[in-house]
Amino acid sequence: EGSMIEITSDINSISIANSSTDKSLDVDKIFHRFHKGSQDEQSNGLGLAIVKSIVDLYPSLILEYTFTDNMHVFTVKG
């Protein structure tokens with residue numbers, strides 16, 4: 001409750017962002033299966049690892065993560 005999700009796109013990219021009261025995620029680990037984030041009871045599961053695997057199949061795509069204005073932002077560019 002009280003959180004926000006933003007989805008934006010243009011001709012070359014799509015970004016999905018969600019609000020957070022936590023800090024930035026570890027960009028070196030977040031795309032690995034079941035890496036635990038900042039909350040011990042939750043992990044990133046398979047979702048981000050699957051997205052990374054799909055993006056890696058297509059050399060023209062790039063997956064980026066940023067933490068801006070208390071928002072975790074995942075962007076696929078191509």
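## A charged pair to start with

Which side chains meet in a salt bridge at 3.0 Å, N to O? They are those of Lys52 and Asp56, where a salt bridge is a side-chain nitrogen of Lys or Arg within 4 Å of a carboxyl oxygen of Asp or Glu. Both residues lie in helix 1, four residues apart, about one turn of the helix. Lys52 is partly exposed, with a relative accessible area of 30%; buried means under 20%, exposed over 50%, and partly exposed in between (1.4 Å probe, protein chains only).

A word on the model: it is predicted, so local features need pLDDT of at least 70 and side-chain atom pairs count only at pLDDT 80 or more, while totals for chains, interfaces and linings use all residues. Residues are numbered from 1 along each chain as its sequence is written, and side-chain values use heavy atoms, with hydrogens and water left out.

## The other salt bridges

The count comes to three salt bridges. Side chains of opposite charge can pair when their charged atoms come close. Lys77 and Glu64 meet at 3.1 Å, N to O. Lys77 lies in strand 4 (residues 71-77) and Glu64 in strand 3, so this pair ties together parts that are 13 residues apart in sequence. Helices (H or I, at least four residues) and strands (E, at least two) are DSSP runs, numbered from the N terminus. Lys77 is partly exposed at 35% relative accessibility, and Glu64 is partly exposed at 32%.

Asp26 forms a salt bridge with Lys29, with the closest N and O atoms 3.9 Å apart. Asp26 counts as partly exposed at 32%, and Lys29 is partly exposed at 42%.

## The nonpolar core

The largest nonpolar core has eight residues: Leu25, Ile30, Phe31, Leu48, Val55, Leu63, Tyr65 and Phe74. Such a core is a set of buried Ala, Val, Leu, Ile, Met, Phe, Trp, Tyr and Cys residues joined through side-chain atoms within 4.5 Å. Helix 1 (47-57) and strand 3 (62-68) each supply at least two residues of this core.

## The buried side of helix 1

Leu48, Ala49 and Val55 are buried in helix 1. They cover an arc of only 125 degrees around the axis, which puts them on the same side of helix 1; the arc is that of the directions from the helix axis to the C-beta atoms.

The buried residues of helix 1 pack against strand 3 and strand 4. Leaving aside residues up to four places away in sequence, Val55 touches Leu61, Ile62, Leu63 and Val76, where contact means heavy atoms within 4.5 Å.
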